[in-house]
Amino acid sequence: MKNNRVALSVFAALAAVSFNLHAQSLPADINWISNNEEPLFASPEAKQGGTLRTYLTSFPQTLRSVGPDANSGLRHYFMDGAPKLAQRHPNTGKWIPQLAEAWAFDADNKTVYFKLDKNAKWSDGEKVTADDYVFMMKYYQSKDIIDPWYNDFFTNSIREVVKFDDYTIAIKTSTAQSTDALMVLINMPSNGLQPRPQHFFKGAKDDNNDGMPDNFVRAFNFKAEPTTAAYYMADVEKGKRVTFKHVGDDWWGYHNRYYQNRYNVDRVRISIIRDQDIALKHFEKGNLDYYDMILPEFWHSKADSEGFKKGHIHKFWGYNQAPQGAGGLWMNTAMPLLDDINVRKGIMSATDYDGMIVNIMRGDYSRKPHGLGFGHGQYDKPDNKAPEFDAAKAIEYFEKAGFDKVGADGIRVNTNGQRLSFSITYGYQSWTPRIAYLKEQAKLAGLEFTLNLVDGSSAFKYILEKKHQLAFLNMGSGEIPAYWEYLHSDNANKPQTNAHTNFSSPELDKLIEAYDAEFDEQKRYQLSHQIQDYVSDAAIIVPGYMVPYTRAVHWRWLKMPANPMTKKTEDFFHPMEISNFWIDQDVKKETEKAMKAGKTFPEVTVVDDRFKL
């Protein structure tokens, strides 16, 4: 009897192994795609070397890319700009390899197979393998990261990672979608679907046995993980600066033709300079290599120092066609009075964004047609139009809400003596003139805006914690709009979520769930339009402005290709973006020598308007 039980056990074990091998087999008719023939967008003239010196206005609250306070500061270095499995070619739109050298689609319309690039390594020298993607699921599902968005996304959107061998995996999603939508979902810059270094966390205390350290948030607050990107965190001086260092000439990415002649500087030194005017002075002294001049007040009135006139400093303006994220003025409907739709509609009509663009931004910016963004193709309803400033219409709404009297200071009050006054939270001193303009115009409708400036990344934390009444904020965007994180009831009234309006509606929840689950693209477009209409009717986000260009001044030793921009370039000199610029050390020496000798060069302004709409 005992021998029979042993035999049965062995048989069961062998059967299980056989079933597992069968279950993990690749389809026989798999069709691998690699797209290795798309045009390049970097220059073979690029030179390696040098230190790029730039700045941030506030020191990051963490070096983590997930968890509390992670959605700010250096996140682009740790997550958004780091390699995914694949990315869209920034001009043709076709998918091209990153960490995967090829991919294929399953007939179930939920599964994508990937062949990993065997050259890929972590910045500490360890190989990137399928195990790092399997561990990725544990990482993001763990409650130890204290990040409900990732917990949800890697449970309900990304369902499973299947390992076939060390360099072949499948990503399984929860709903059937078109092949393009699947690739967008898996490779979105901000969703974090990138490997996580399992070896880095070995040996840490893990009482709940979920694969992650129990004290992850605290223990790794200022301990950067290894990265697959060209630059890794090399040095941190808290409150002063951070330094990223290039992995080296043998960085695995240079085996990929699309990465060649990019990421050319050896180091990136980021100093903390809390005031933008002071940062400009540092730039003009030669302490910074470039200075972003998106701001019209800087470009039109401050790009005229001796360095410009003598040709030591050049000006660059490049247009793009990048998607614009949700944003403008977010109304926190959990706050008193803002739960009244008539108050919200009054605020919509009393907020003069168009006047601000003309009078404060010199007409350089343009208005978003909708609070949920723009540039998403057929996902955007074509007749979306931002509300116009109309003080008389705003007054009608305010009177419906009971604010039918005007106080001695010109601000409307209701029968309870409540003043029609709301605070606008924002994060940068340079935005003060913009909000001050909104404040003055709102007075025409008897509405008071007060200004609540909170420093840099602290402002976003303040908003994430739902402490704001109104938030002056624009979010990033992928090419397909994401609605769940902003509008679904699951995220309302919860800290550390992007539900900045705290708006909750069962009807809207159903639309969002149907949108996320829909396979047919035409039906999905229609659901997107319905969601946008619903949000317009709810009056919870005053549509803000958009900036369809990048603009900077730079010392003449920073060089760029003959055609600098791509359609998707949002920040030309950001080292983790397209990063096809370089430092010419010989020109730097020439320029420094010329400055000492009083020698000048021709003034240079480069405008790349090939992608101007």
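**Helix α7 and its surroundings**

Reply: Start with the buried residues of α7. They pack against β1 (51–56), β11 (290–292), α8 (296–299), α9 (306–309), β12 (313–319) and β22 (549–555). Keep in mind that this is a predicted model.

Me: Which residues of α7 are buried?

Reply: Ala-279, Leu-280 and Phe-283 are buried, in a helix that covers residues 276–284.

Me: Where do the buried residues fall, seen down the axis of α7?

Reply: They fall within an arc of 105 degrees, so they line one face of the helix.

Me: You listed β1 among the partners of α7. What sheet is β1 in?

Reply: An open sheet of four strands, in the order β1-β10-β9-β8. The pairing is mixed.

Me: Which strands stand at the edges?

Reply: β1 and β8 (231–237). Each has a single partner strand, so one side of each has no neighbour in the sheet.

Me: How are neighbouring strands of this sheet turned against each other?

Reply: By 20 degrees on average, direction ignored.

Me: In what sense do β1 and β10 pair, parallel or antiparallel?

Reply: Parallel, over six bridges, with β10 covering residues 267–272.

Me: Remind me, what do strands pair through in general?

Reply: Strands of a sheet pair through backbone hydrogen bonds.

Me: New topic. What is the strand order in the sheet of five strands?

Reply: The order is β18-β17-β19-β13-β20. This sheet is open as well, and its pairing is mixed. At the edges are β18 (448–453) and β20 (541–543), and each pairs on one side only. The twist averages 25 degrees from one strand to the next.

Me: How many bridges link β17 and β19?

Reply: Two, in the parallel sense. β17 is residues 421–426 and β19 is residues 470–474. Thr-425 stands opposite Ala-471 in β19.

Me: Back to helices. At what angle do α3 and α4 pack?

Reply: About 135 degrees, with their axes 7 Å apart. That makes α3 oblique to α4. α3 is residues 130–141, and α4 is residues 148–157.

Me: Which residues meet there?

Reply: From α3, Met-136, Met-137, Tyr-140 and Gln-141. From α4, Tyr-150, Asn-151, Phe-154 and Thr-155.

Me: How many residues of that contact are nonpolar, polar or charged?

Reply: Five are nonpolar and three are polar. The contact of α3 with α4 has no charged residues.

How values were computed
Residues are numbered from 1 along each chain as its sequence is written. This is a predicted model: local features need pLDDT of at least 70, side-chain atom pairs count only at pLDDT 80 or more; totals for chains, interfaces and linings use all residues. Side-chain values use heavy atoms; hydrogens and water are left out. Two strands pair if DSSP finds at least two bridges between them. Axes are lines fitted to C-alpha atoms, for helices over the stretch in contact, and angles run from 0 to 180 degrees between N-to-C directions. Angles under 35 degrees count as roughly parallel, over 145 as roughly antiparallel, 65 to 115 as roughly perpendicular and the rest as oblique. Contact means heavy atoms within 4.5 Å. Ala, Val, Leu, Ile, Met, Phe, Trp, Tyr, Cys and Pro count as nonpolar, Asp, Glu, Lys and Arg as charged, and the others, Gly among them, as polar. Buried means under 20% relative accessible area, exposed over 50%, partly exposed in between (1.4 Å probe, protein chains only). The arc is that of the directions from the helix axis to the C-beta atoms.
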